[in-house]
Amino acid sequence: MNLLIPERPGPWATLYLLHGLSDDHTMWQRRTSIERYVEGTRLLVVMPDGHRNFYVNDPRPGGMAYEDHIVRDVRGFVERTFPVVRSRRGRAIAGLSMGGYGAMMLGLKHAGLFSVISAHSGAFGLLHMGDRRPQFADLLASLSKTKYDCASLARALKRSGRKVAIRFDCGTDDGLIDRNRALHAQMKKVHLAHEYAEYPGGHNWAYWDEHIRETLAFVKVNLKAKV
């Protein structure tokens with residue numbers, strides 16, 4: 001896990017920032033200017049390692065519980081160790097690609113913990129990608145569709161009446177754009193408030209370095225804790 005620790009005094013808000021399938025917890029700092037973008041804020045950026053498990057609890061024998069790891073272990077460590085706001089008003093979650101799916105899934109599913117969600121180039125077709133990613137076919141076949149499908153979770157959030165600030169974007173040359181458009185349409189269908197944007201670009205770090213700034217602006221505006 002990597003951390004960007006504010007220089008300004010606390011209490012701090014927290015952004016849990018998730019990486020993609022081919023990456024690890026170091027990549028946001030290695031491939032973007034995230035450190036410069038958050039300079040001068042009261043935002044603690046937490047970058048945990050989700051390996052290649054899509055931030056889900058793997059139900060197979062011996063499977064790793066990455067969902068629990070993020071929402072319990074990582075969050076628990078952060079809130080025991082640092083002067084952060086220990087309520088949903090001070091917590092946001094975001095990510096790219098696999099981490100975009102993870103941020104959306106965890107934010108929708110655990111809306112009692114997070115008040116802001118942002119995703120870039122989200123892999124929202126996770127549960128349907130076993131044919132294209134045979135190495136993950138067993139894991140994906142074992143997952144509950146209601147627990148891990150973002151459209152199902154969006155419907156459940158709408159029924160709950162809980163308010164979460166949601167945004168996501170995708171590049172117009174990105175192979176995942178159809179899944180992003182589909183989730184946008186499904187959220188519109190159930191009247192779940194959200195922001196969706198498309199920008200020129202593909203599935204690459206040039207795109208994510210540019211548009212993480214939209215996430216940071218969205219977090220700053222929508223978190224109730226001071227950023």
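Student: Which residues does Asn53 touch, not counting residues up to four places away in sequence?

Tutor: In this predicted model, Asn53 touches Asp58, Tyr66 and Met98. Asn53 itself is found in the loop between strand S3 (43-47) and helix H3 (66-81).

Student: Why does Asn53 count as buried?

Tutor: The relative accessibility of Asn53 is 17%, and buried means under 20%. Asn53 therefore counts as buried.

Student: Good. Now to helix H8: what is its span against the expected one?

Tutor: Helix H8 covers residues 177-189, 13 residues in total, and reaches 18 Å from its first C-alpha to its last. That is close to the 18 Å expected at 1.5 Å a residue.

Student: Why do the buried residues of H8 line one face of the helix?

Tutor: The buried residues are Ile177, Asn180, Leu183 and Met187. Seen down the axis of H8, they fall within an arc of 125°, so they line one face. In general, an α-helix has 3.6 residues a turn, so residues three or four places apart point the same way.

Student: What do the buried residues of H8 pack against?

Tutor: Their partners are helix H4 (98-109), helix H7 (150-160), strand S6 (165-171) and strand S7 (195-199). On the other side of H8, Asp178 and Lys189 are exposed.

Student: And which residue follows H8, with a positive phi?

Tutor: That is His191, whose phi is near 60°.

How values were computed: Residues numbered from 1 in each chain as written. Predicted model: local features only at pLDDT ≥ 70, side-chain atom pairs only at ≥ 80, totals over all residues. Heavy atoms only, no water. Helix = DSSP H or I, 4+ residues; strand = E, 2+ residues; numbered from the N terminus. Expected span 1.5 Å × (residues − 1). Buried < 20%, exposed > 50% of the residue type's maximum accessible area, 1.4 Å probe, protein only. Arc of directions from axis to C-beta. Contact = heavy atoms within 4.5 Å.
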